[in-house]
Amino acid sequence: MLGILSIFLFAVILIVCIFYQVSIIYALVLGSLIFLAYGIIEGYSFSELWKMILSGVLTVKNILIVFLLIGMITATWRASGTIAMIIFLGSKLITPSIFILLSFLLCALLSVLIGTALGTSATMGVICISIARAMGIDELFVAGAVLSGIYFGDRCSPMSTSALLISEITETNLFENIKAMIKTSIIPLLITCALYFILGMKSEGSADVSVISSLFQENYRLHWIVLLPAIFMILLSFFKVNVRITMSISIFLSFGIAYFVQGEEIENLFQYLIYGYRHSNVALNKMMHGGGILSMWKVSLIVGISSSYSGIFAKTNILTKLKEYIKILSKKITDFGAVLVTSVITCMIACNQSLAVIMTQQLCKDIMKKEKLAITLENTVITVAALVPWSVAMAVPFQALEIDNIAAIYGFYVYLIPLWNLGMAIKKEKVEVN
């Protein structure tokens, strides 16, 4: 009971912080103190609890490295002219009325190819939001489309780490899972495309495309070579090269192009890596500023603190009582509904997909067969994580786009997936009862 009270108290603090628009970091720090107090009351020594915390933080060390790379790649792609060149070409080819739909489709395609939502948001996502700003298209709509697109591939790409994680912990076949994912997402996908098409028709761009093109031509050398960082990013990902190596190569290329092609000074380039890209031209800077390692400090802190919880959860009995309640809940709102509710709670607590997936699987593995659980996890926790403001799944993409979390309202795909499949589960249960 003490474990449930601890989790409930933490959830209340989170809600209060959100309601009063206080930084979520304060809630996470208080959460650490709450779970530490729980461990001490349960008889664990401070040294044992410290080891638990450290083991939890170490599980996300690779994620923290990727965050640093995302900050650097979003800065160097700006400095090298990679984003400018793509915007320049796109402004000549893209019709504003279909751009929101196109943003979703492009991000979905790239995320399937490279298997990472975070990598897609830092590359194609940044490009799409930059084009939107340049062309006067509502950036909240486009950011929502980007969020939908990046989790299309993160959910069902054979190269997705989340898909691989679920197949491993449930001991199921990855490609059978992908088939089931595609089958259960057809209707949400079609509805999503229709909604983005309608939004696009009602939100024409207001900017003069010729002015944008001239602005880039005056301030960048727009040569095909500046596209190499993006081309190598896609090619290396296609050949399943480790995402950290892929991003590092792309950063190295764009750094070199910024120096040799764009004429940037070495000192400025290192400043961009840390503080983000800035340009002396006010109009250009408004569209292109951003990125840098420091742009990722807040989300890195969120992940570091929240991951410390996982060690405590794994070594203590804090989740034991919850399993009993989940079994009762599954009988009232279907097995899928029970997993969905569980995933909402774990995503709020874990603050990152991996830990939320592991916690949800541990809590729900007794209420359904492993094959069904695998696809249910894909249809719940993977997309639900993208709807939690303090979760890595939402915070990192929107941080890379430099957009407010309110844009998640337009991330239709990520909440149509769980809602549609919940409806199908309820319908199926009614048919079986009758």
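How closely do the axes of helix α4 and helix α7 come, and at what angle do they cross? The axes of helix α4 (residues 61–80) and helix α7 (residues 117–135) come within 10 Å and cross at roughly 20°.

## Basis of the model

This is a predicted model, in which local features need pLDDT of at least 70 and side-chain atom pairs count only at pLDDT 80 or more, while totals for chains, interfaces and linings use all residues. Residues are numbered from 1 along each chain as its sequence is written, and side-chain values use heavy atoms, with hydrogens and water left out.

Helices here are DSSP runs (H or I, at least four residues), numbered from the N terminus. Helix α4 has 20 residues and reaches 29 Å from its first C-alpha to its last, close to the 28 Å expected at 1.5 Å a residue, where the expected span is 1.5 Å times one less than the number of residues. Helix α4 is mostly covered, with 14 of its 20 residues buried (buried means under 20% relative accessible area, exposed over 50% and partly exposed in between, with a 1.4 Å probe and protein chains only). Just after α4, G81 takes a positive phi of about 90°.

The axes of α4 and α7 cross at roughly 20°, which makes α4 roughly parallel to α7 (angles run from 0 to 180 degrees between N-to-C directions, and axes are lines fitted to C-alpha atoms, for helices over the stretch in contact; under 35 degrees counts as roughly parallel, over 145 as roughly antiparallel, 65 to 115 as roughly perpendicular and the rest as oblique). The crossing of α4 and α7 is right-handed, meaning that the near helix is turned clockwise from the far one by less than a right angle. On the α4 side, F67, I70, I73, T74, W77 and R78 meet L118, A122, T123, V126 and I127 of α7, with contact meaning heavy atoms within 4.5 Å. By class, this contact has eight nonpolar, two polar and one charged residues (Ala, Val, Leu, Ile, Met, Phe, Trp, Tyr, Cys and Pro count as nonpolar, Asp, Glu, Lys and Arg as charged, and the others, Gly among them, as polar).

## Helix α4 against α14

Helix α4 also packs with helix α14 (residues 243–260), at an angle of about 25° and with the axes 9 Å apart, which makes α4 roughly parallel to α14. Here the crossing is left-handed. The α4 residues in this contact include I70, I73 and W77, and among the α14 residues they meet are M247, I251 and F255. The residues of the contact divide into 14 nonpolar, six polar and one charged.

## Individual residues elsewhere

In helix α18 (residues 320–350), T342 is buried, with a relative accessible area of 4%, and touches I326, T360, L363 and C364, not counting residues up to four places away in sequence. T334 also lies in α18 and is buried at 4%; its phi is near 75°, a positive value in a residue other than glycine. E402, in the loop between α22 (392–401) and α23 (412–433), likewise has a positive phi, near 55°, but counts as partly exposed at 30% relative accessibility.

L2, in helix α1 (residues 2–19), is partly exposed at 32%. L2 and E42 are 40 residues apart in sequence and 9.1 Å apart in space, C-alpha to C-alpha.

Conventions:
Helix = DSSP H or I, 4+ residues; strand = E, 2+ residues; numbered from the N terminus.
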